[in-house]
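Please read each point with the model in view.

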Amino acid sequence: MDSLHTSVEPFSSHPLSPETIETPQISIVVPIYNEVESLPRLIEAIQNSLEQTSLTYELICVDDGSRDGSTDLLRKLAATNPILKAVILRRNYGQTPAMSAGFNHSRGEVIVTLDGDLQNDPADIPMLLDKLNEGYDVVSGWRKNRQDKALTRLLPSKIANWIIGRMTDVKLHDYGCSLKAYRAEVAADLKLYGELHRFLPALAVIEGARITEIPVRHHARQFGHSKYGLDRTFRVVMDLLTISFIKKFLTRPMHVFGLLGMLSLLVGVLSGMYLTFLKYGLGQSIGDRPLLILAVLLTLTGIQLFSFGLLAEVLMRTYHESQNRPIYRVREVVTTKNSKSQHLT
Ligand code: UDP
Ligand code: MG
């Protein structure tokens, strides 16, 4: 795909700014939550990397309710740096809504996302863009040498990657890597909520996208600390189950609930027959077999709770989508043109 490389002046001779370029070719989207120490280096590294290409670009940093001074720093930088647009959210919504806000403020033909903590290497961006040009809609980074804590991050990711691989038709090593490049029209089709940004490859493939993966660098966090704890990992797994469920079964819910119902009925009936046989066939008392009854009860309750949980989750999502409420709210957008900031609701 050569359209990205057509008739664009090199960066140095092109007075780039989000306002002067009607549509930049590339929009870089970075969610920022308490990354004040990383920000200056991050922006510099991104600009250095993109200057290696001849592409026009904008950098959209979405401040997701930071409390460490990132917001003020971003405001200041965006007021003087024509490349940078600061989208400041009203409060902390989470990485996925922040990315979604970035997507919605992007104008490029291609959107590149990465983390704001310098764990992803901006120097890898040109490589992703080259790969996209080979004819893909999404190129996903694969952190082959991931520098994160083994037990709390790597292990849950391994499990999540395995489950996603089993449940979807997309086979990637590392779904959760934030460093990705998308064709804008593909990103626009994706409905994001919860912690779903890490399932973007799966969602994109459902929408018919051509997707591939390339190894990228990964660095240990230098400043601040990871915002992920066990609670978030749990939410990720729940999102994963729901999305796989929606994809596979929502069109024919009875196929799932019918099967589960029949299985539990079968277990119930068999246990009942066994107990009946014990009582009337062998003349034994079934009153002193609480374990069996407990097992049956627990199995059935478990299946029912699980099914109801999934149904409730799907209903809740349908409700939220039917309400058409945004998953984030913007306080202000700062660019060089409106450094006094434009207030949006
Ligand atoms: N982030 C965000 N909102 C949040 C949590 C995180 O915008 O509520 C951003 C964070 O600033 C970083 C990226 O999302 O740029 C990834 O977060 P983090 O580095 O904590 O995740 P990890 O690298 O540990 O997976
Ligand atoms: Mg990180």
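1. A residue is called buried if 20 or more other C-beta atoms lie within 10 Å of its own, exposed if 12 or fewer do, and partly exposed in between, with C-beta atoms placed from the backbone. Helices (H or I, at least four residues) and strands (E, at least two) are DSSP runs, numbered from the N terminus. The model is predicted: local features need pLDDT of at least 70 and side-chain atom pairs count only at pLDDT 80 or more, while totals for chains, interfaces and linings use all residues. Residues are numbered from 1 along each chain as its sequence is written, and chains are lettered from A and ligands numbered from 1 in the order in which they are written.

2. Helix H3 (95–104) is largely enclosed by the rest of the structure, because 9 of its 10 residues are buried. Among these buried residues are Gln-95, Met-99 and Phe-103. Contact here requires C-beta atoms, placed from the backbone, within 7 Å. The buried residues of H3 pack against strands E1, E2 (57–63), E3 (84–89), E4 (110–113) and E8 (330–334), and against helix H6 (184–189).

3. H3 also contributes at least two residues to the shell around ligand 1, as does strand E1 (26–32). A residue is near a molecule if its C-beta atom, placed from the backbone, lies within 6 Å of it. Which of the 16 residues around ligand 1 come nearest? They are Pro-31, Tyr-33, Gly-116, Ser-226 and Lys-227.

4. Strand E6 (residues 180–183) is covered on both faces: Lys-180 and Tyr-182 are buried on one side, Ala-181 and Arg-183 on the other. Two strands pair if DSSP finds at least two bridges between them. E4 and E6 run antiparallel and are joined by 4 bridges, with Ile-111 opposite Tyr-182. Strand E5 (residues 138–143) pairs with E6 over 3 bridges, also in the antiparallel sense; Tyr-182 is the bridge partner of Val-138.

5. Ser-140 lies in strand E5. Is this residue buried or exposed? Ser-140 counts as buried because it has 27 C-beta neighbours inside 10 Å. Leaving aside residues up to four places away in sequence, its contacts include Leu-172, Lys-180 and Glu-213. His-173 is 33 residues from Ser-140 along the chain, and their C-alpha atoms are separated by 9.7 Å.

6. The domain assignment, which comes from an automatic or database source, gives domain 1 (26–249) and domain 2 (253–322). Their centres, taken over C-alpha atoms, are separated by 41 Å.

Notes: Two residues are in contact if their C-beta atoms, placed from the backbone, lie within 7 Å.
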